[in-house]
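Thanks for coming, everyone. Let me put the structure on the screen.

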Amino acid sequence: MQFEPLKIPDVVLITPKRFGDARGFFMETFKASLFESEVGPFIFVQDNRSFSAETGTVRGLHFQLDPRAQGKLVSCTAGALLDVAVDIRKGSPTYGQYVSAELTADNACQLWVPPGFAHGFCTLTPDTVISYKVTDYYSPEHDRGLLWNDPALGIDWPVEEGKAVLSDKDQKQPPLAELQANFTYKA
């Protein structure tokens, strides 16, 4: 596996190696010892999967508050999506900035989104499936969000604003300027 820190180096793009022949291919998608040496000693406790029927479905930007903050290891198992991570750690030199990566079933890339980041994605094809491992269990009372189209973030979403398929919850999240200081940057 190749581990590539992005413009915000705490977010890491992971590309597995494929070994193929006439039958198809094999690849390792996760190896705890390698993940720990390249990213850190995170333990995953839950796997999640969501299906989005329509192109232009936006889910996010979501995060959980401490002490139930989640790191996420995200992959796309069907279709394609643009995956986005926004730094919401107060005091971070990249506070309010985002990074993104295209994850597809074909490229098999994964994105590591650590605690202290809001996470979201937009589907690029119909019938897209996203799967992700998380470092803490889902906790409704710690569940929070950030407005997906906040102009202060400047996210280049691959869908026109009026055409995005959104939940009511995601349409009503606060902008960055109204977000409480939930995470503090530690150098």
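First, the ground rules. This is a predicted model, where local features need pLDDT of at least 70, side-chain atom pairs count only at pLDDT 80 or more, and totals for chains, interfaces and linings use all residues. Residues are numbered from 1 along each chain as its sequence is written, and side-chain values use heavy atoms, with hydrogens and water left out.

Start with the core. A nonpolar core here is a set of buried Ala, Val, Leu, Ile, Met, Phe, Trp, Tyr and Cys residues joined through side-chain atoms within 4.5 Å. Buried means under 20% relative accessible area, exposed over 50%, and partly exposed in between, using a 1.4 Å probe and protein chains only. The largest such core has 23 residues. L61, V84 and W157 are among those with the most contacts inside it. Strands β6 (58-64), β8 (80-87) and β12 (117-123) each supply at least two of its residues. Strands are DSSP runs of E, at least two residues long, numbered from the N terminus.

Look at V84. Beyond its neighbours within four places in sequence, V84 is in contact (heavy atoms within 4.5 Å) with residues including L61, Y98, I155 and W157. There is also a second, separate core of 19 residues, which includes V99, F117, I130 and Y132.

Now the hairpin. β1 (residues 2-5) and β2 (residues 12-15) run antiparallel, joined by four bridges. DSSP must find at least two bridges for strands to pair. Six residues sit between the two strands of this hairpin. E4 stands opposite L13 in β2.

Next, two loop residues. Is S92 buried or exposed? S92 is buried, because its relative accessible area is 8%. Its loop runs between β9 (89-90) and β10 (98-104). The S92 side chain makes a polar contact with the D87 side chain at 2.5 Å. That term means a pair of N or O atoms within 3.5 Å; within protein, one must be able to donate a hydrogen and the other to accept it, and residues adjacent in sequence count only if both atoms are side-chain atoms. By contrast, P140 counts as exposed, at 52% relative accessibility. P140 is in the loop between β13 (128-134) and β14 (143-145).

Last, the backbone. Most residues other than glycine have a negative phi, and most peptide bonds are trans. Here, a cis bond joins G60 and L61, with omega about 10 degrees. The D66 to P67 bond is cis too, with omega near 10 degrees. A108 is not a glycine, yet has a positive phi of about 55 degrees.
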